[in-house]
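This report goes through one protein model in short sections. Please look over the structure below before reading on.

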Amino acid sequence: MDSTTSHQALDDTDPVTTGAEHRRGPFKPGDQVQLTDAKGRMSTITLQPGKQYHTHKGAFDHDELIGSPEGVVVKTSGGNEYLALRPLLADFVLSMPRGAAVVYPKDAGQIVQMADIFPGARVVEAGVGSGALTCSLLRAVGDTGMVHSYERREEFAEIAAKNVRSFFGTEHPAWQLTIGDLAEKLADDEVDRVVLDMLAPWDCVDAVAEALVPGGVVCCYVATTTQLSRTVETLRAHGAFTEPQPWESMVRGWHVEGLAVRPDHRMIGHTGFLVTARRLADGVTPPVRRRRPSKGSYAADYLAEGSTPAAGPAADPEFNEDGTVTSSVPRRVLP
Ligand SMILES: C[S@@+](CC[C@H](N)C(=O)[O-])C[C@H]1O[C@@H](n2cnc3c(N)ncnc32)[C@H](O)[C@@H]1O
């Protein structure tokens, strides 16, 4: 195919995905604009005809930006310059009003990818908190999907509803919001994906198993190792899910300037842990994974004398032929 004809221009008859009209083209009234000054300080305004933006060094008219392309520089009457760009979703969630802590963009990206949120998917989310993750989920499912968010605190649900509306510039046709505890209120069935960001996701595992289709994905985001452990063990013991897959992601920025090319000194060290598992078909027991432990993974100093490594004997001089630990190896015996 000729690369010049592979993308067709939008015309007025093309259906526009919700929110897309606020993300491209010349600035319009109602658009959000992120202003960045020479020191990198940012502020966000919503464009309104006839309004002014005031700083300690004079003001400029919003009308100067309306009709101009993104990426222009605007100057106040006192000579301060600001670069004007629409905020990206990652910028928006970090600057929007918050009730509860938000899912950081690096984790929202992981969730959309690893929970496999696809266009048209039916997704359940709890809690909605400030609505940060909701925006990513809605973007991923698109106008023809469904995101049903449950939040037990009304005041957070109100903040989330304002944030989601503000990000898309209108109500999103794929979004439903229910106030209440997911474990009691979850009434959806045939759900493709469930994302839980809450203190006690293990309390919701029964309800999630009821709602998910076979093959559906549950993804939990928790802040601490104790929550991670309980979430994984609850999913594992439930019987309706595949072996849970836990992980965390770390993102490190880099300083690149001339010969000084190195990792940033500061980074966000910890946000949370993620776990995914898939819904099995009803009545199915997955095949037990038989795998010899890799050499040294059950080293003798981590096992009591006479005990057997969980997955059978390894070809390791520290093990007897029957898989028990040899007595000749000096070891730290666990209680
Ligand atoms: C950390 S916040 C969620 C933040 C949100 N994901 C975001 O990105 O903005 C956790 C929220 O879960 C809510 N919550 C906790 N347990 C819940 C449950 N069982 N059902 C519904 N909401 C719940 C809390 O009220 C809180 O608002």
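## Surroundings of Gln52

Leaving aside residues up to four places away in sequence, Gln52 touches Ala59, Phe60, Asp61 and His62; two residues are in contact if their C-beta atoms, placed from the backbone, lie within 7 Å. The C-alpha atoms of Gln52 and Asp63 are separated by 8.3 Å, and the two residues are 11 residues apart along the chain. Gln52 belongs to strand β3 (residues 52–55). Gln52 counts as partly exposed because 14 other C-beta atoms lie within 10 Å; a residue is buried with 20 or more such atoms, exposed with 12 or fewer, and partly exposed in between.

The model is predicted: local features need pLDDT of at least 70, side-chain atom pairs count only at pLDDT 80 or more, and totals for chains, interfaces and linings use all residues. Numbering starts from 1 along each chain as its sequence is written.

## Overall make-up

The protein has eight helices and 15 strands. These are DSSP runs, numbered from the N terminus: helices are H or I with at least four residues, strands are E with at least two. Of the 335 residues in the protein, 31% are buried. Among contacts between residues at least 6 apart in sequence, 58% join residues at least 24 apart.

## A four-stranded sheet

An open sheet is formed by four strands in the order β2-β1-β6-β5, with antiparallel pairing. Its edge strands, β2 (42–46) and β5 (72–75), each pair on one side only; strands pair if DSSP finds at least two bridges between them. Strand β1 (residues 32–36) is joined to β2 by five bridges, and Gln32 has Thr46 as its bridge partner in β2.

## Helices α3 and α4

The axes of α3 (residues 105–114) and α4 (residues 132–141) come within 10 Å and cross at roughly 35°. Axes are lines fitted to C-alpha atoms, for helices over the stretch in contact, and angles run from 0 to 180 degrees between N-to-C directions.

Ala108, Ile111 and Val112 in α3 meet Ala132, Leu133, Ser136 and Ala140 in α4. By class, the residues of this contact are six nonpolar, one polar and no charged. Ala, Val, Leu, Ile, Met, Phe, Trp, Tyr, Cys and Pro count as nonpolar, Asp, Glu, Lys and Arg as charged, and the others, Gly among them, as polar.

## Around the ligand

The ligand is surrounded by 23 residues, the closest being Ala100, Gly127, Gly129, Ala132 and Met198; a residue is near a molecule if its C-beta atom, placed from the backbone, lies within 6 Å of it. The elements giving two or more residues to this shell are α4, β8 (146–151) and α6 (182–185).
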